[in-house]
Amino acid sequence: MKQLGYYFFKYWISFGLFFYFKKIIVIGLEDIPKNKPILLLSNHQNALLDVLLIATRNSLKPWYLTRSDVFKSKLFSPLFYFLQMIPIYRMRDGKDTLSKNQAIFNQCGELLNNNETLLIFPEADHNLKRRVRPLSKGFTRLLFNALEENPKLEIQLVPVGHNYLRATNFPDSTALYFGKPISVQDFLNENKNDTVSKIKYTVAEQLKLLTTNIEDEANYDSIYSILENEGVNFLYPKEVNARIKSVTLNRETQNLKSNNVFHRGIIKFLFVLLNLPIYLVWRVVVKPTVPEPEFMGTFRFVFSMLFYPIFYLLMAIIISNSYSIKTACLVVVGHAVLNFIFIKIGFTSSVQRK
């Protein structure tokens, strides 16, 4: 029964993501090893949406190492455990909580020994900046904990690159790149510190190829402005990273104006008009509660998944009181189809300043 519930939730979320994003690109699924313990290592930009995209865009059934503070909610914590999320404790959660991580590492070791898949974000926190941040060594502790139980365990590290066109806006487009698997056994030697350094370096270098990486932090804003003004497509990190290498900072940049602003404005106006009750609840009640920009997409998606079923149910009930149930169903379906068309056409610009 739990298995059935898990897959129902997975495909329901997958359906929601299909409607939420204008475009979802997934590259590299064929490189994911089969019948081996896997550790997915992803960059982290867009809070819970990063997790949901990985969970629904492959055939794996991963366990997720998640910051422990989200489990404080009595309402949602049972759901998180049901979805195979595992709390991981950080210094900011209190120094006394760090000792709990050993039990978590032991649990992860057992999962890997059973050829399960784990997902972890080695940057340790989310950030909208388009760069791969320094990786923490927490995931290597997890690896060595598993190898202590089974030194010959063939753990495969699979880097995952998340790319968003405009993470805080709607509708957005996203591209998910699964990198080539890295065998942990290839790095093991007598010097543990050396092994840790090489693993972290190799994973970081792959992640830098799978997502836009503006490594020059001091000139990040200038470089990003050039890319933004040129209208580069951030869904294709290989091309964007090649452009970053050739950026000249001392040249003047001009703001490029899109020639379809009027077209997008009309589409957005029609979309807002079509969804005015939900739009007002979002703008007036929900959006002001978003704690930080990295959570904007997550809040909007969860809000849509919760409120649109209620909205359509109320619409059907109201219309069926005056007309037939068939008419009510046709109106609801027609409304949903129009929303789908507007989202896939898109009504936001192709670039986003952060």
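A word on the ground rules. This is a predicted model, where local features need pLDDT of at least 70 and side-chain atom pairs count only at pLDDT 80 or more, while totals for chains, interfaces and linings use all residues. Residues are numbered from 1 along each chain as its sequence is written, and side-chain values use heavy atoms, leaving out hydrogens and water.

Let's start with the inside. A nonpolar core here is a set of buried Ala, Val, Leu, Ile, Met, Phe, Trp, Tyr and Cys residues joined through side-chain atoms within 4.5 Å. Buried means under 20% relative accessible area, exposed means over 50%, and partly exposed is in between, with a 1.4 Å probe and protein chains only. The largest core has 53 residues, and Leu17, Leu40, Leu49 and Phe301 have the most contacts inside it. Helix 11 (residues 296-322) gives the most to this core, with 9 residues. Helices are DSSP runs of H or I with at least four residues, numbered from the N terminus.

Which residues does Phe301 touch, leaving aside its neighbours within four places in sequence? They are Ile13, Gly16, Leu17, Tyr20, Leu49 and Leu52, with contact meaning heavy atoms within 4.5 Å.

On a 1 Å grid over the protein atoms alone, a cavity is a set of points where a 1.4 Å probe fits but cannot get out; a pocket is an open set with protein on both sides within 12 Å along at least five of seven lines; and lining residues have an atom within 4 Å of a point. Grid points are joined across faces, edges and corners, and a volume is the space filled by probe spheres set on the points.

The largest pocket has a volume of about 1400 Å³. Its lining has 48 residues, with Leu48, Thr66, Arg67, Val70 and Met85 nearest the centre. Helix 11 turns up again, giving the largest share of that lining, 8 residues.

The second largest pocket comes to about 810 Å³. Of its 31 lining residues, Phe170, Phe271, Ser304, Tyr308 and Ile343 are closest to its centre. Here, too, the largest share comes from helix 11, with 9 residues.

How many cavities of 30 Å³ or more are there? The count is 2. The largest holds about 110 Å³ of space, and its lining includes Tyr6, Phe9, Tyr64 and Met85.

Methods
Helix = DSSP H or I, 4+ residues; strand = E, 2+ residues; numbered from the N terminus.
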